[in-house]
Amino acid sequence: MHKKYIGIEIGARQVKMCLCQDHFLCREETELLPDHYVKDGKIVSMEAMAEFLKNMANARDIRCRSCCLVLPDSVAFTKSLIMPAMSVSHLKINLPYEFYDFIGSRGDTYIFDYAVMDMIYDENKNPVSMDLMACAVWKKAMEEYRQMFRLAKWKLKAAAPAAFAYSNLIRVYEEKKQLEEPGEYCLVELGYTAIRIFFFHGKRMEACRRIENSQIKGTGQEFYESAGLEIRRTLEFYYFLNPKRKLTDIYFCGSRVMDRLFCEMAAEYASLNLKYAGELLPVLEDYKKVLISPAAAGITFCL
């Protein structure tokens, strides 16, 4: 039986939906949000957003009601961790302490989850440590999201930050390519309000930086050049911290990815080959590779 899910990412100005089946992308749909639906990364009215999602799906003839959600930075924190090998029960006790710098003593107001990237064993094949990607999600926000999808008559099957979605995407890509060694990936989201840069070694996220567009100088080509310079500085700092890593390609996505000049200039400043994150996705047919939200597809790959 085929497994079909709709991946959803709700941005500052746009909703993205990716219909996926058996880890393949069928199609991507996007629609601009009315003003004041999202403020400071948070949905103003869950009831209004539920109605918007329902109408958008009906207008585009999306019949699937099993959905997965990409969580925004405003409600979730993500970290890559190396922790001693321990049981699931002990891990649940210890994970909140790993996020203390972000949430302080408010651990009871967050939900914690993780994905195992790798297990490290000793010479006797006993587990020694765990390579994890973990997240802390604001509990109240998750309750509100669940209620929103209930109002829209949808079933929320999974929810996680974008880093988990990209990790899923890269894992499936490398499995299908049958790569013997993990690849190096730099994914850049060109959003309406911010640029996010992710670095992955295989499916493991090694670094992430968010740059608010308001912090980037100029407009038009000056803005592109300033953004390209910030991306290059981020790349140079990543190389400084990870001297063994060597990237050849830079993958773009996001609401402004259709601006070819923007992508070309950013790739030129980074001295990397221009590619699109959609090229990492398996598709059911000859579908476009310039995707706005490959994360909306990747979030479904955990099921």
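In what order do the three strands of the open sheet with antiparallel pairing stand? In this predicted model, the order is E7-E9-E8. Strand E7 (76-84) and strand E8 (110-121) are the edge strands, each of them pairing on one side only. Direction ignored, neighbouring strands of this sheet are turned by 20° against each other on average. E7 and strand E9 (residues 127-138) run antiparallel and are joined by nine bridges; Ser-80, for instance, has Met-133 in E9 as its bridge partner. Two helices lie across these strands. Helix H4 (residues 139-151) lies across E8 and E9 and runs at about 65° to E9, while H5 lies across E7, E8 and E9, running at about 130° to E9.

A second open sheet is made of five strands in the order E13-E12-E11-E14-E15, and its pairing is mixed. Strand E13 (204-212) and E15 stand at the edges with a single partner strand each, so one side of each is left without a neighbour in the sheet. Here the neighbouring strands are turned by 25° against each other on average, direction ignored. Four bridges pair E14 with E15 in the parallel sense, and Leu-274 in E15 is the bridge partner of Ile-250. H5 packs on this sheet too, where it touches E11, E12, E13 and E14, and its direction makes about 45° with that of E12.

Just after the helix, Gln-178 takes a positive phi of about 55°.

The largest nonpolar core holds 67 residues, of which Ile-8, Ile-10, Val-15, Met-49, Tyr-145 and Met-148 touch the most other members. H5 gives the largest share of this core, nine residues. Apart from it lies another core, of 27 residues, including Cys-186, Tyr-238, Val-257 and Ala-270. As for Val-15, its contacts beyond four places in sequence include Ile-8, Ile-10, Leu-33, Met-49, Phe-52, Leu-53 and Met-56.

Helix H7 (residues 260-270) has Phe-262, Cys-263, Met-265, Ala-266, Ala-267 and Ala-270 as its buried residues. The cover over them includes strand E11 (184-190), strand E12 (194-201), helix H6 (220-241), strand E14 (249-253) and strand E15 (273-276). Just after H7, Ser-271 takes a positive phi of about 55°.

Aromatic rings complete the picture. The whole structure contains 15 aromatic pairs. In one of these, Phe-237 and Phe-240 have ring centres 6.3 Å apart and planes at 20°; with planes under 30 degrees apart counting as stacked, the pair is stacked. These two residues are three apart in helix H6 and are separated by about one helical turn. An α-helix has 3.6 residues a turn, so residues three or four places apart point the same way. Elsewhere, ring pairs link Phe-77, Phe-99, Phe-102, Tyr-110 and Phe-112 into a cluster.

Technical notes. Residues numbered from 1 in each chain as written. Predicted model: local features only at pLDDT ≥ 70, side-chain atom pairs only at ≥ 80, totals over all residues. Heavy atoms only, no water. Buried < 20%, exposed > 50% of the residue type's maximum accessible area, 1.4 Å probe, protein only. Contact = heavy atoms within 4.5 Å. Core = buried A, V, L, I, M, F, W, Y, C linked by side-chain atoms within 4.5 Å. Pairing = 2+ DSSP bridges. Axes fitted to C-alpha atoms, helices over the stretch in contact; angles between N-to-C directions. Phe/Tyr/Trp six-rings, centres within 6.5 Å; stacked < 30°, edge-to-face > 60°.
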